[in-house]
Amino acid sequence: MELLRKIAFTIFLLFVNINAFGAISFVDDIDVPANGANGQNIPHGVTFNSDGTKMYVVGASANRIIQYTLSTPFDISEATLLAGSTCTEGFAGDGLKVIFNSDGTKFFLVDDATQDVEIFTLTTAYDISTCTNTGSKDFETTNLRDLKFSNNGKKVFLYDQAGSNHSIKQYTLLSPFDISNHTLVTTYTGSDSKTLKVLVGNTNKTNGLAFSSDGSKMYVTNNTKITEFTLSNSFDLSDVTFEGRKNVSDQVLKISGITFNNDGSKMFIVDFTSTSTSDIHEYNVTCGFGVVKCIDPTSNKDDVASIETQSESAKKLIQHTTYPVINRMQWLRRNNSRGNLTNQNIKFQFNNEILNSLSKTLLPVYLSNYNSSNTDNENSSWSLWSEGTISVGRIGDTSVSSSKNINTSAITLGADKRGKDNIMRGIALRFGSDDVDVGDLGSGLNMSTFGLTFYETKPKGEERFTDHLLGLSFINSDLINNSGSTSTNGERSGEQIYGSFSLRDTLSKNNLNFTPKIKIDYGVTHFAEYTETGATGLNLKFKDQYIGNFITSVGANIDKKFDLKNKTFLPYFDFNYSADMSPSTKQKFSYSSSGDKYTLDNINNATHSVHTGIGFDLITDSGFNLMTKYTRDQTTGGSYNDNFVIAGDYRASYNSSYALSVQETTTEISYKSKRNNLNFDVTSNLDFFADDPEYGIYLKVYTLK
């Protein structure tokens, strides 16, 4: 019975280890030849080129680096030694480690004999036979064992095994991979009331130093053990946590060098024991860089920011989809007395090809339709309108999440009609693109959306109106999560149902209108599950997610109508305060390789924001109209979004019109004409601030039946 309990307890521990902690498994090993011009007597360090098709071994006896080719990247079982492909010029007396810069045109060699770092340049990237010694750098260490750089080459780390005072020194560099000018930032000597020497195994056989690709994990080798640490901030030794040690004594007698492939799914260590018959050892790692414990994505600021971005973008999408429709309904009431309610607010030149195609193809067709100026409500025709949006925003970093830079471009096409009861009903289509840059390593989100909105504005008295809308959006997102030297990719679909209800009551005096209003936005978004690709050890699998949205707003609009000669000038100002009372959402996900599960809770807690807008309408009897609007959404925590619209159009006669629009540095002018059922469009654009200005003229001829 006691035996059964021990067996059950052992199985339980194994199960916990597999599902909660990292795991490695031995794959293969190879012998490094000890003699001859291409051999290496006592191997110490191993490294690879960026794509894993070349492997380099350096040692403390034969003064050279030897080079292998790998027919399968990062698979040493198919390694072939390249005869004569060595580096011996001005070589170190006892080489311990070799480290390349990011493009393989330079490498650094740790010299155990002189206690300095030798610097070499390569005429051909990653071809060590083209090496040239360009000098050395003395960091004044007592027993230098290894050296590593951050991904951008602006930080360098040195392991100094100085008797009982082991330390890892962190330096900053003025230029990437230039160790000639360095500044000491911090020195890590241990934690948890234990010295670094004790943490790594309490011997003076510490010989290897390595980092995960995102800099959140650090590894030190000592005798037959690999010690793992977690860094609170990437490549920063100011806050280090000891995670534990992994023993590999079954395969190795004394570990020296350690390195990983790009995504951490493979680990390679060097056995430097002179009696060892196998020198380079390859291991599989269940979850990327999880030698002792898997990297916790909820502790990675870029991972957290990427998850937050999807939820934030879903909620912003409701605002960005409803704003043009609300703008239209407000415009309708401001210009209630106009017979022709067509309002082409803006026409943009977009970088996004889909939006650009829509603005070049669909808009001219809609703009060519002439709407009757009949003021009879019972027989009024459909009025067509469009609005382009450019939004730029930023959300600053927090203690748990990286910063986000947000760029949104969209075009909305709509049509509405006024009924005999003075109720205006309409439909709008929105095509949008959101690009969000996350952090500094290249992570981001590209979200394409299509929305369909039904709306109506209904009078509840002389100057009181209710506006409400209901719509559906379809979402497709491309995501990239870059950890520094490798990245994962994902594609995620989603659907969104949204609505908005507002009540406005206008108080008028001497053409000055004050309109207090209350508004409620609501909706729900569903994101489908998806699995990342691109990095075997780091790919995450995300469960589907539901995001609720409930925002209440109070505010006011002030506008004043100035009737001038042959024209009307109407400036206005908007102010809204919003309270986001949406329920918090959570995202469940796991490593696709190991199944280790994580949950990010309390995403997007309730926030408060202020929306301000200022602009004017200019309407002339000659057919020229001008509309501008600038808005800013400022949220607690420092995040914001800026939107700017400026546009004009001119209808010279029943059959022709002109339009001008401006987007940042780009201007666009168009002319449209109708002749006997033939429609002619001429459009030109010019980026007048570009170093190499882009411009073009477009001619389109078509018929409408």
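**Disulfides, salt bridges and backbone in a predicted model**

Me: In this predicted model, what makes C87 and C131 a disulfide?

Reply: The sulfur atoms of C87 and C131 are 2.1 Å apart, and since a disulfide is called for a pair of cysteine sulfur atoms within 2.5 Å, the pair qualifies. The bond links distant parts of the chain, with C87 in strand β5 (residues 79-87) and C131 in strand β9 (residues 131-137), 44 residues apart. Both C87 and C131 are buried.

Me: Why is the disulfide of C87 and C131 called right-handed?

Reply: The torsion about the S-S bond of C87 and C131 is about 100 degrees, and the disulfide is therefore right-handed.

Me: How do you know that C287 and C294 form a disulfide, and which hand does it have?

Reply: The sulfur atoms of C287 and C294 lie 1.9 Å apart, which falls within the 2.5 Å cut-off, so C287 and C294 are counted as bonded. The torsion about their S-S bond is about -95 degrees, so this disulfide is left-handed. The structure holds two disulfides, and when the bonded cysteines are numbered in sequence order the pairing is 1-2, 3-4.

Me: Are C287 and C294 buried or exposed, and why?

Reply: C287 has a relative accessibility of 0% and C294 a relative accessible area of 3%; because buried means under 20%, both residues count as buried.

Me: What makes the contact between R464 and D505 a salt bridge?

Reply: The side chains of R464 and D505 meet with N to O at 2.9 Å, and because the criterion asks for a side-chain nitrogen of Lys or Arg within 4 Å of a carboxyl oxygen of Asp or Glu, the contact is a salt bridge. R464 lies in strand β28 (residues 464-482) and D505 in strand β29 (residues 487-505), so the pair ties together parts that are 41 residues apart in sequence. R464, with a relative accessible area of 39%, and D505, at 24%, are each partly exposed, because these values fall between the 20% and 50% limits.

Me: Why is E456 called buried while K458 is called partly exposed?

Reply: E456 has a relative accessible area of 11%, which is under the 20% limit for buried, whereas K458 stands at 23%, which lies between 20% and 50% and therefore counts as partly exposed. E456 and K458 form a salt bridge, with their closest N and O atoms 3.5 Å apart.

Me: How many salt bridges does the structure hold, and which residues are joined into one network?

Reply: The structure holds 17 salt bridges. Among them is the one between the side chains of K148 and D146 (3.1 Å, N to O), two residues that are both buried. Salt bridges that share partners join K97, D146 and K148 into one network.

Me: What makes the phi of N202 and of N602 worth a remark?

Reply: Most residues other than glycine have a negative phi. N202, however, has a positive phi of about 65 degrees although it is not a glycine, and N602 likewise has a positive phi, of about 55 degrees. N202 is placed in the loop between α2 (196-199) and β16 (206-211), while N602 is found in strand β38 (residues 597-603).

Technical notes. Residues are numbered from 1 along each chain as its sequence is written. This is a predicted model: local features need pLDDT of at least 70, side-chain atom pairs count only at pLDDT 80 or more; totals for chains, interfaces and linings use all residues. Side-chain values use heavy atoms; hydrogens and water are left out. Helices (H or I, at least four residues) and strands (E, at least two) are DSSP runs, numbered from the N terminus. Buried means under 20% relative accessible area, exposed over 50%, partly exposed in between (1.4 Å probe, protein chains only).
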